[in-house]
Amino acid sequence: MFNNVNIEFTGEFFAFFLLAVCAIVGAVLAINFAKVVHMAVSLAFTFVSLAGLYVLLQAEFVAFVQVLLYVGAVTILMIFGIMMTKHQSEGSETGRPLLETLAAIGCLCLFGILFYAIRSASFPVPTGELPADNTMAIGKLLYSSYAIPFELVSVLLTVAFIGAVALAKREPEGGNGEGAEPAAENKPAPLSGEEGKTP
Amino acid sequence: MQKFWNDPVTWGHAGLYLLGAIAVLAVVIVFVTYAIYFERKVIGWMQYRRGPNRTGPLGLLQTVADVAKLLMKEDTIPAKADKALFILAPVLAFVPSFLVLAIIPYGLNLQFADLNVGFLYYVALSGITTIAIVLGGWSSNNKYALLGGMRSAAQMISYEVPLVMSVVGIAMMTESLNLREIVIYQEGWFWHWNFLPQIVGFAVFVVAAISELNRTPFDLPEAESELVAGYHVEYSGFRFAFFMLTEYIYVYAIACLATILFLGGWNAPAPQLDFIPGLVWFALKFACIVFFLFWIRATLPRLRIDQLMGLAWKVLLPLAILNIFLTAVGIEWWGKGGG
């Protein structure tokens, strides 16, 4: 049914086309939306599409770690943060023509450079077959050749983590140390005997 | 999976996929219908009641009637809700829940996608549902819904960690994350199934899984007695039905995963019983886990939110890490299978 066009309409082509369009649409919408929560959602859409592209490149592990971290964790954290803050005075920014013109010129230049660089780059065909179980290959490499960088990254993350806790727990100066902590009181939940969940 | 990408797309292929998807959807919807019936019956019996018994013979059509009611209900959207997100949230919750079913191997040759990171796929996609629940809670513009959404996000992110960690031991023993290979590894007698060598991992997995499902005793996101109905207070009609459907599809998925990861999938408990088809064994184990989930719901009271977080980070996570360590020591000393 598609034989009269030059492109080969394999499943891969359709998947790539769909995912690429989704990624671009998500990114464009993320810039254009007025509400921050909408931006976060469209960003998540882009992340998922990118993960789909990774699957097309047979990098399943990277793809699902991308979904796990960027969609499952980063986006939720962003939404969490946005919900905690006020969002009444959104979408009322006045236009600044000079800045916008300059930004447009900058964007066009960047596009030109990227386009030229991609067009003039040569993509060497990788020699040798990819390993059949690439997840295992990644694991083996991480724990043999790249063990030290891997451990260093984990130390870095731990430091960042502890730093975040320390920043969040900083006590106000000259105050009563105990009272500064918000009373995290939760009333014990009564027993649930009723059949409320079923519709 | 690769072989389909390189084929030219024809209506035949597309139709084949569509048929497969519709078949899974049909199976799942039948499961959900009767899981809800079964749940109400089981809880009823445990509380010395009869459960639904009026609609249809033995009350078998009760869920059908309930769903029909939901579908015919007026579709209300709160005036001050964020309309787009309010509409999007149930869809965003349902789609990943259905997608995770693609990787579940019911038998040696009965699987849709043979992915080499099967378990990771499940965890990654179920995270998208968390976003949907948070969005649903936020966009309703209702404080109970918002509280429910917040709790849900905190809970699901916290319990994802021990859930993943509890399966690491299995990945170490099998040397694969592929669900099919994990089942093939457990062939033989029932003591070769992972639940015995990985008993700590199994316990952590079950607790974390119940929490991921937002079911009692961990149903804080929709605690009826505190939050009215949690994140879906404002939802009614078919949007509410979609949230419910999502929840029960995850019950299905988790029960399948527990069967595959810890109970030997389609393997018979003894090699002599191999003449019974694997699908029957799979269904039996699956049914046991589903019953267990309902049993837990009828038995245990709900946790408090601070106890919930404490349980995830102070009990389950250390246990899961200990399990990884013990598995490593076991593999080092006794080789595979003894760990």
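How are α2(B) and α10(B) oriented to each other, roughly parallel or roughly perpendicular? In this predicted model, the two helices pack at an angle of about 100°. Their axes are 10 Å apart. Angles of 65 to 115 degrees count as roughly perpendicular, and α2(B) and α10(B) are therefore roughly perpendicular to each other. Helix α10 spans residues 237-262 of chain B. On the α2(B) side, the contact uses V28(B), F31(B), V32(B), A35(B) and I36(B). These residues meet L245(B), Y248(B), I249(B), V251(B) and Y252(B) of α10(B). By class, ten residues of this contact are nonpolar, with no polar and no charged residues.

Chain B is divided into domain 1, residues 1-72, and domain 2, residues 84-334. The C-alpha centres of these two domains of chain B lie 19 Å apart. In the contact, 17 residues of domain 1 of chain B touch 19 residues of domain 2 of chain B. On the domain 1 side, two elements of chain B give two or more residues: α2 (11-46) and α3 (62-72). Of these, α2(B) gives the most, with twelve residues. The domain 1 side of this contact in chain B holds 14 nonpolar residues, two polar residues and one charged residue.

Two packed helices are described by the angle between their axes and the distance between the axes. Helix α5 covers residues 118-139 of chain B, and helix α6 covers residues 143-174 of chain B. Their axes come within 7 Å and cross at roughly 170°. Angles over 145 degrees count as roughly antiparallel, and α5(B) and α6(B) are therefore roughly antiparallel to each other. Contributors from α5(B) include F119(B), V123(B), I133(B) and W138(B). Among those from α6(B) are L146(B), M156(B), E160(B) and V167(B). The contact of α5(B) with α6(B) comprises 13 nonpolar residues, seven polar residues and one charged residue.

In chain B, an unreviewed UniProt entry annotates residues 14-37, 85-107, 119-138, 159-177, 189-210, 249-269, 275-296 and 308-331 as "transmembrane region". Residues 275-296 of chain B are 86% helix and 0% strand in the model, with end C-alpha atoms 33 Å apart. Residues 308-331 of chain B are 100% helix and 0% strand. The end C-alpha atoms of residues 308-331 of chain B are 33 Å apart.

In chain A, the "transmembrane region" annotation of an unreviewed UniProt entry covers residues 13-33, 40-57, 63-85, 97-118 and 146-168. Residues 40-57 of chain A are 94% helix and 0% strand, and their end C-alpha atoms lie 26 Å apart. Residues 146-168 of chain A are 96% helix and 0% strand, and their end C-alpha atoms lie 33 Å apart.

Chain A is also divided into two domains: domain 1 (10-86) and domain 2 (132-169). The C-alpha centres of domain 1 of chain A and domain 2 of chain A are separated by 23 Å. Confidence in chain A has a mean pLDDT of 76. Of the residues of chain A, 74% reach 70 or more. Over residues 175-199 of chain A, however, the pLDDT is below 50. Beyond near neighbours in sequence, this stretch of chain A has 32 contacts in the model. Where pLDDT is low, the predicted coordinates should not be read in detail.

Definitions and conventions. Residues are numbered from 1 along each chain as its sequence is written. Chains are lettered from A and ligands numbered from 1 in the order in which they are written. This is a predicted model: local features need pLDDT of at least 70, side-chain atom pairs count only at pLDDT 80 or more; totals for chains, interfaces and linings use all residues. Domain bounds come from an automatic or database domain assignment. Two residues are in contact if their C-beta atoms, placed from the backbone, lie within 7 Å. Helices (H or I, at least four residues) and strands (E, at least two) are DSSP runs, numbered from the N terminus. Ala, Val, Leu, Ile, Met, Phe, Trp, Tyr, Cys and Pro count as nonpolar, Asp, Glu, Lys and Arg as charged, and the others, Gly among them, as polar. UniProt positions are given in the numbering used here, feature names are shortened, and annotations may be inferred rather than shown by experiment. Axes are lines fitted to C-alpha atoms, for helices over the stretch in contact, and angles run from 0 to 180 degrees between N-to-C directions. Angles under 35 degrees count as roughly parallel, over 145 as roughly antiparallel, 65 to 115 as roughly perpendicular and the rest as oblique. pLDDT is the predictor's confidence in each residue, from 0 to 100.
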